[in-house]
Number of protein chains: 2
Amino acid sequence: MNRQTIMVDRDLLAEPRRRAAELRADFTRRGILVLNILSSPGAGKTTLLQAIARHWQGRRRMAVLVGDIATDRDARRLAPFIPAVQLTTGGACHLELPLVERGLAQLGDLDLEFLFIENVGNLVCPASHDLGEHLRVLVLSTTEGDDKPAKYPKAFRTSHLLVINKTDLLPYVPFSLESALADARSIQPQLPAFAVSAESGAGITDWCAELESRRNELLANGDVFSPRR
Amino acid sequence: MNRQTIMVDRDLLAEPRRRAAELRADFTRRGILVLNILSSPGAGKTTLLQAIARHWQGRRRMAVLVGDIATDRDARRLAPFIPAVQLTTGGACHLELPLVERGLAQLGDLDLEFLFIENVGNLVCPASHDLGEHLRVLVLSTTEGDDKPAKYPKAFRTSHLLVINKTDLLPYVPFSLESALADARSIQPQLPAFAVSAESGAGITDWCAELESRRNELLANGDVFSPRR
């Protein structure tokens with residue numbers, strides 16, 4: 001965008017905010033925990049979803065809306081495991097509500113416990129858009145380096161859970177789990193973090209237990225989750 | 001952005017386009033080859049610049065403008081090797097011309113042969129902004145997966161050179177150089193590609209030779225490079 005001031009006579013974001021809150025309340029009523037997954041391109045969002053599906057093996061009812069700028073590759077990767085609908089932004093750098101709503105309509109009236117929204121691979125823009133999720137999950141991979149949190153502060157500030165993926169590559173890359181965590185917590189001191197390898201399955205049991213416990217919290221207490229700004 | 005139509009009475013991008021073309025012509029006159037480097041977060045842009053500086057060891061005069069949303073980490077990493085100025089966007093997902101111009105003023109009147117502009121780590125938004133560069137370089141790392149080109153088509157369509165980085169990790173990650181290249185060339189059939197490991201130095205000699213040959217081309221033929229759309 002260029003630095004030109006355009007005067008408008010209303011808050012353009014008020015309507016999407018209201019609609020996101022409505023969607024979230026509806027998910028809560030239906031007992032569906034909704035997670036918006038953010039990461040850089042190639043950090044392993046789709047592989048993580050495959051690992052979750054493999055771990056649960058049908059014991060939990062989940063579906064995925066998967067965003068990309070182009071191609072339906074990720075939906076095709078997920079379809080053998082779980083119901084998956086591809087959302088293609090056609091150029092846009094993040095998912096927006098209307099596209100998510102179209103995806104929901106395509107999924108139809110599934111009786112779900114978990115809905116995952118896999119955002120476009122981008123550590124910046126998706127952090128500014130509430131998609132009606134209960135929890136925002138940030139996936140950081142060890143191959144990206146442990147200096148990323150403070151360089152992408154909004155994504156780390158607005159997420160509820162951090163997954164550090166590709167721990168199987170730790171012997172081969174210059175990445176310190178401690179440094180990465182310290183850096184992330186300089187942005188958000190209480191950010192819960194889970195180290196996993198979606199590829200090998202390491203850490204996936206704990207991660208799935210956390211998801212189940214968060215859903216139990218939702219069922220017990222209603223809409224306790226709120227979007228972070 | 002929300003899908004609201006705002007009518008304006010002129011082309012907001014005409015002025016930045018004109019200014020970028022002016023800057024490029026000025027760089028050409030001064031014999032400075034300017035490269036705009038794009039990649040995902042953590043694909044190795046800064047490490048690649050360190051590897052280039054190490055290879056040239058002062059035989060070529062280079063400087064770097066390095067973009068990030070927050071922190072001056074990358075400039076501090078580069079400063080021991082080469083003149084480097086950090087450009088901090090304060091939230092924006094890509095570099096824009098006014099920030100680049102401020103960085104140029106800070107660099108001062110250096111007698112350069114190469115100027116590298118390291119963009120914000122983002123495979124989407126930077127692809128839409130001409131910064132006055134001669135060549136756009138896209139860095140894809142092996143850890144991101146070989147399915148990325150068609151998912152981020154604009155970055156691959158508008159770049160002049162592709163660097164595939166982190167070849168040292170090929171034994172440990174599911175990545176096929178052939179598939180990645182085939183995918184990139186389904187977007188841009190003649191895209192020249194260089195496989196390197198900025199960490200180990202493999203492939204850096206060929207890559208630097210390419211940069212020198214591109215600069216000779218610029219000196220011999222003037223402004224033969226044009227921005228891709």
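The points below comment on a predicted model of chains A and B, beginning with the conventions.

1. Residues are numbered from 1 along each chain as its sequence is written, and chains are lettered from A and ligands numbered from 1 in the order in which they are written. Because the model is predicted, local features need pLDDT of at least 70 and side-chain atom pairs count only at pLDDT 80 or more, while totals for chains, interfaces and linings use all residues.

2. Strand β1 of chain A covers residues 33-39, and seven of its seven residues are buried (buried means that 20 or more other C-beta atoms lie within 10 Å of the residue's own, exposed that there are 12 or fewer, and partly exposed in between, with C-beta atoms placed from the backbone).

3. Two strands are taken as paired if DSSP finds at least two bridges between them. On this criterion β1(A) runs parallel to strand β4 of chain A (residues 114-118), to which five bridges join it, and A:V34 has A:L115 as its bridge partner there. With strand β5 of chain A (residues 135-141), β1(A) again pairs in the parallel sense over five bridges; A:L35 stands opposite A:L135, and A:S39 stands opposite A:V139.

4. Strand β5(A) is itself mostly covered, with six of its seven residues buried. Five bridges join β5(A) to strand β6 of chain A (residues 161-165), and these two strands run parallel.

5. Helix α7 of chain A (residues 204-221) has 18 residues, which at 1.5 Å a residue should span 26 Å, and its end C-alpha atoms are 26 Å apart, which agrees; the expected span is 1.5 Å times one less than the number of residues. The buried residues of α7(A) include A:W207, A:C208, A:L211, A:R214 and A:L218. They cover an arc of only 115° around the axis, so they lie on the same side of α7(A), the arc being that of the directions from the helix axis to the C-beta atoms. The other side of α7(A) carries exposed residues, among them A:T205, A:D206, A:A209 and A:S213. After α7(A) comes A:G222, with a positive phi near 75°.

6. Helix α2 of chain A (residues 45-56) passes the corresponding check: its 12 residues should span 16 Å at 1.5 Å a residue, and its end C-alpha atoms are 17 Å apart, which agrees. Its buried residues include A:K45, A:T46, A:T47 and A:L48, and just after α2(A), A:Q57 takes a positive phi of about 45°.

7. The contact between the chains takes 35 residues from chain B and 35 residues from chain A, two residues being in contact if their C-beta atoms, placed from the backbone, lie within 7 Å. A rotation of 180° with 0.0 Å of shift along its axis superposes chain B on chain A, with RMSD 0.0 Å, by least squares on the C-alpha atoms of residues with pLDDT of at least 70 in both. That is the relation of a two-fold axis, and 100% of the contact residues of chain B recur in chain A.

Notes. Helix = DSSP H or I, 4+ residues; strand = E, 2+ residues; numbered from the N terminus.
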